[in-house]
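Subject: Structure handover

Hello,

Here is the structure I said I would pass on. My notes follow below it.

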Amino acid sequence: MTGTNLALYRKYRSATFAEVIGQDHVTVPLRQALAAGRINHAYLFSGPRGCGKTSSARILARSLNCAKGPTPEPCGECDSCRELAPNGSGSIDVIEIDAASHGGVDDARDLRERAFFAPVRDRYKVYIIDEAHMVTTQGFNALLKLVEEPPDFLVFVFATTEPDKVLTTIRSRTHHYPFRLIPPAVMRTNLEMICQNEGVRVEPSVLPLVVRAGGGSARDSQSILDQLLAGAGADGVTYTDAVALLGVTDGALLDDMIDALAAGDAGAVYGAVDRVVEAGHDPRRFSIDLLDRFRDLILLDAVPDASERGLVDAPGDQLAHMADQAVRLGGATLARFAEIVHNALIEMRGTTSPRLVLELLCARMLLPDSSTDSAAVLQRLERLERRLTAAGGTETASPPPTPTRPETAPERPAAAKRAHAAQPTATVQPQVEQRPAATVPAETGPAESGPPTPKPEAKPEPKAEAKAAPTAATQADDPAPAGLLDGTDLRRLWPQVLDVINRSSKSMRAMLEGSQVVTAAEGAVTLAVAPGLARRLAEERNVTAIAAAITGLVGGTWRVTVQPSDAKPSRPEPGAEPADHPSRDPDPRDDDDYEPVPTAATKPAADPETEAIKLNTTEFDARPVE
């Protein structure tokens, strides 16, 4: 008859202090004390479960009673070493007591009576009291005198997960060694060694899931790996099998949620929630995994080399995408999202509708304007700073604007002048039609009022922006292919689209800083950009260049619509002319900051010399006020 297989946590249990992983702060001082012969009569090992407390207590007893000891390196050949090996039968002079069931005063009195008998064979009689915090106060009091003044051959080792519950008078008479959780990098190396020894192929992306599920406990991590190895097929342990068995959230689903939050796409956010519920995942578990992802993104935003330092454990191909997500969201937004999810996890305890709580936390993340707390205000401030940075960087990157009319516009606030510096709206008066062409600025759009004026020689467009326009023009008549990408897919590729645009026009790339894909369907793309740049980017040559960049990366034919980032996405009525149609120029009266320019009918006439002076100073008046 075939017996059961030995569990991995028993098969790979440490036999010497050198084999204990992640506890060098404990094993090194103990080995030095053994080498120097400074043996104490009582030790207290404390720490989380599964981190090596009981195993280290057995190793200590093995080192004390070795035939060549006391020694930090047991020989493994004498009777005591073989009996105290990880799978040994046990020694008569090493007594293990479970205080959870033997913690009363009667058990303590019985131990005290037997402790004074000398060891049968070995050098020391060692009592290992596991779960020492379960000993009652009366039991500790009964042991107090024995622990204070034990015989020379008696050694106590207390192991506990809650050292604060050990009686203070007992704790003060011991050498306290606090054990800690095992670091993820060390735990992953140990699991890789076990997989290699077991001869089972495991995908690299599986081990981070096991390490995170184990929570820093060697025993828990090895037990989880043992379960995965037991159910492995011909291909070994795959990522899909591990996700299904452990109940963790698939990384692709987390990526979709983060990308949708970065783009402010409410439809994609609630679509991800629906996929979580339809797949049978626990909303609370998804929230925990989402909080872990926010933690990784916060570290990547604050410490770009967090992966090299071991602060973030993720596959290499996923780190690049996570770094891009951290940049798009920003530190303030990530901190607010993490706080919202953390508070929602507390609300999920005992709730009758976990899905509702999950949807509510998504609503809070999507609506920072509805909250007045400091985190929401900081997120809105960060968003405004990004817009201002993008708008400020464009003034030097784009060609200087030229006014269309020499008439000086009415005085506006400084903020309005900065926002509309690229679109001056001065009007050319009829009196200056006979002036030389060299003194009349070139026109960039149709005049709002007054008779037509002669057009001077147009300035050449920037070379970088002119390169992309012919490409899109040659593809404008091609039919849109089937199976175009949707908004979620295009948001993932948007950084690559920006790289393509940067190679052809650095000024346009600067204007698109902070832009986001709002919708993408049936070859139509809607972009949200900084409000001060929306009108400029909506020009035909700019939207054509953006469409050409998308086509060059993913193929197909695309129509691009640009809107301010604070506007709601709108869909044109059937048969209506699109906003970026080449036959329509943007009307300055559509702007919220538009103020009518006084005309000849509303003000007294001026002599020709005064108009000439105004004409010569128009260019200076149109500059933005610093």
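Contact here means heavy atoms within 4.5 Å. Helices (H or I, at least four residues) and strands (E, at least two) are DSSP runs, numbered from the N terminus. This is a predicted model, in which local features need pLDDT of at least 70 and side-chain atom pairs count only at pLDDT 80 or more, while totals for chains, interfaces and linings use all residues. Residues are numbered from 1 along each chain as its sequence is written, and side-chain values use heavy atoms, with hydrogens and water left out.

A pair of helices

Pro283, Phe286, Ser287 and Phe294 of helix 14 meet Pro354, Arg355, Leu358, Leu361 and Met365 of helix 17. By class, the residues of this contact are seven nonpolar, one polar and one charged (Ala, Val, Leu, Ile, Met, Phe, Trp, Tyr, Cys and Pro count as nonpolar, Asp, Glu, Lys and Arg as charged, and the others, Gly among them, as polar). Helix 14 (residues 283-302) and helix 17 (residues 354-366) pack at an angle of about 30°, and their axes are 9 Å apart. Axes are lines fitted to C-alpha atoms, for helices over the stretch in contact, and angles run from 0 to 180 degrees between N-to-C directions. The two helices are therefore roughly parallel to each other, a term for angles under 35 degrees.

Twelve of the 13 residues of helix 3 are buried (under 20% relative accessible area; exposed is over 50%, partly exposed in between, with a 1.4 Å probe and protein chains only). Ile59 is one of the buried residues. What covers them includes helix 2, helix 4 (79-83) and strand 1 (42-46).

Ile59 is also among the residues in contact with Ser14, as are Glu19, Val20 and Pro86, leaving aside neighbours within four places in sequence. Ser14 sits in the loop between helix 1 (8-11) and helix 2 (24-36) and is buried, at 18% relative accessible area. A polar atom of the Ser14 side chain lies 3.2 Å from the backbone oxygen of Glu19.

Asp226

Asp226 belongs to helix 10 (residues 218-230) and is partly exposed, at 26%. Leaving aside neighbours within four places in sequence, Asp226 is in contact with Ala7 and Leu8.

Regards

Methods. Polar contact = N/O pair within 3.5 Å; in protein donor to acceptor, adjacent residues only side chain to side chain. Parallel < 35°, antiparallel > 145°, perpendicular 65-115°, else oblique.
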